[in-house]
Amino acid sequence: MSSPRLVIRLDRLGHNARSLVERLAARGISITAVTKATLGSAPIASVLVAAGVAGLGESRIETIEALRQSNGSVPLTLIRSPLPSQVERVVAAANCSLNSEPAVLALLSAAAVDQGCRHGVLLMVELGDLREGIMPRQLDGITAELLQLPGLDLLGLGTNLGCQNGIGPSDASMGQLCELARGLELAFGIALPMVSGGNSANLPWLLEGGRVDRINNLRLGEAILLGREPLGRRPIQGLFTNAFQLVGEVIEAGPKPTLAWGCAGEGAFGPVAGRRDRGERWRVLLALGLQDVDATGLSLPAGMELLGASSDHLVLDTGGEMVAVGAEISFGLNYSALLRAMTSPFVAKTMLAGPVLSRSGAQLKGFS
Ligand SMILES: *Cc1c(COP(=O)(O)O)cnc(C)c1O
């Protein structure tokens with residue numbers, strides 16, 4: 001088996017998705033599963049669809065097109081505003097997109113008319129996190145323009161919180177979104193079938209009894225993939241936080257001093273923090289580095305400590321354990337580490353339907 005490799009437990013991802021589908025269905029909420037951290041992986045998408053999610057959300061047209069090829073008729077939502085230069089591809093491959101720019105809406109409509117199809121639109125509303133979204137005061141005007149466009153269907157409203165400034169949802173902001181939807185329905189005599197309240201950052205609000213009102217969809221990535229909510233990175237009860245594990249191989253091992261010596265300057269990636277002398281300690285060098293993963297987002301096996309990371313090496317203190325050359329060590333990942341590992345061409349992706357054993361058949365160090 002090659003290393004480094006990202007081991008992906010499809011059974012755990014299926015469990016997480018099913019559990020959330022059931023819990024949210026009880027509150028009248030459907031899930032758009034966001035697979036962007038997996039680069040739109042077709043096998044993962046299939047598992048999530050089988051678990052009952054209503055559709056898939058992706059941020060890039062390339063992954064939307066690939067999912068259209070691999071997963072047939074599943075509803076696909078482009079969750080980043082379409083690029084003006086890509087509207088033809090968006091209309092051809094995605095059922096729906098999240099939008100906040102009138103100029104883009106006009107281009108999407110023209111492309112849909114050209115292709116003899118219709119394209120669904122969720123208008124994104126800015127509710128305080130200050131990434132994408134229409135300011136509430138502009139919503140009426142943009143809706144009026146949209147309703148004149150022959151190629152588009154207005155499916156509803158959405159908002160995105162938590163990603164840019166860490167502003168989470170509340171009864172107040174979710175209530176405002178629902179109020180805006182009701183206002184548009186009254187003003188224009190239309191029905192808005194979807195109110196998409198946000199992403200995994202909405203789960204603490206929802207699961208702690210938030211007022212759902214008209215919210216009937218969430219777009220969930222991190223909660224399904226990593227079993228955590230992004231605002232405090234707390235585990236969500238009943239979900240696996242270890243569906244992904246990164247395995248690296250030891251290429252140097254043995255005791256070395258803990259205090260570097262010689263003429264001191266910066267390391268390869270900036271200043272070196274907290275030099276201290278703890279005598280000679282057993283340490284290992286792994287063939288795993290910043291080209292493969294965001295090292296600050298790794299969780300290490302109990303007792304081990306990360307001493308440093310550069311492009312192609314991690315240095316670990318093993319906590320006294322005499323881990324040998326050729327041994328494999330397994331790590332948990334946060335969202336940033338997962339995204340980097342999925343994106344790295346050097347990391348093999350190993351999909352498994354069940355538990356993992358090392359080359360010798362033994363439980364891998366750090367593997368749960
Ligand atoms: C990434 C993203 C999501 C999913 O976010 P998670 O925190 O991973 O659940 C939802 N909506 C939009 C617009 C996004 O960009």
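## Ligand contacts and backbone details

Reader: How far is a backbone N or O atom of Glu222 from an oxygen atom of the ligand?

Author: This is a predicted model: local features need pLDDT of at least 70, side-chain atom pairs need pLDDT 80 or more, and totals for chains, interfaces and linings use all residues. Residues are numbered from 1 along each chain as its sequence is written, and side-chain values use heavy atoms, without hydrogens and water. A polar contact here is a pair of N or O atoms within 3.5 Å. For Glu222 and the ligand oxygen, the distance is 2.8 Å.

Reader: How much of the ligand's exposed area does the protein bury?

Author: Taken alone, the ligand exposes 380 Å² (Shrake-Rupley method, 1.4 Å probe). The share buried by the protein is 95%.

Reader: How many residues of the shell around the ligand are charged?

Author: The shell holds 15 residues, each with a heavy atom within 4 Å of the ligand. Lys36, Arg219 and Glu222 are among those that come nearest. Six shell residues are nonpolar and four polar; the charged ones number five.

Reader: Which residue forms a salt bridge with Arg182?

Author: The structure holds 17 salt bridges (a Lys or Arg side-chain nitrogen within 4 Å of an Asp or Glu carboxyl oxygen). In this one, the closest N and O atoms are 3.0 Å apart.

Reader: Where does a cis peptide bond occur?

Author: Look at the segment before β1 (5-9), the place of Pro4. Omega is about -5 degrees at the bond joining Ser3 and Pro4.

Reader: What is the phi of Leu39?

Author: Leu39 lies in the loop between β2 (30-34) and α2 (42-50). Leu39 is not a glycine, yet its phi is positive, at about 55 degrees.

Technical notes
Polar contact = N/O pair within 3.5 Å; in protein donor to acceptor, adjacent residues only side chain to side chain. Nonpolar A, V, L, I, M, F, W, Y, C, P; charged D, E, K, R; others polar. Helix = DSSP H or I, 4+ residues; strand = E, 2+ residues; numbered from the N terminus.
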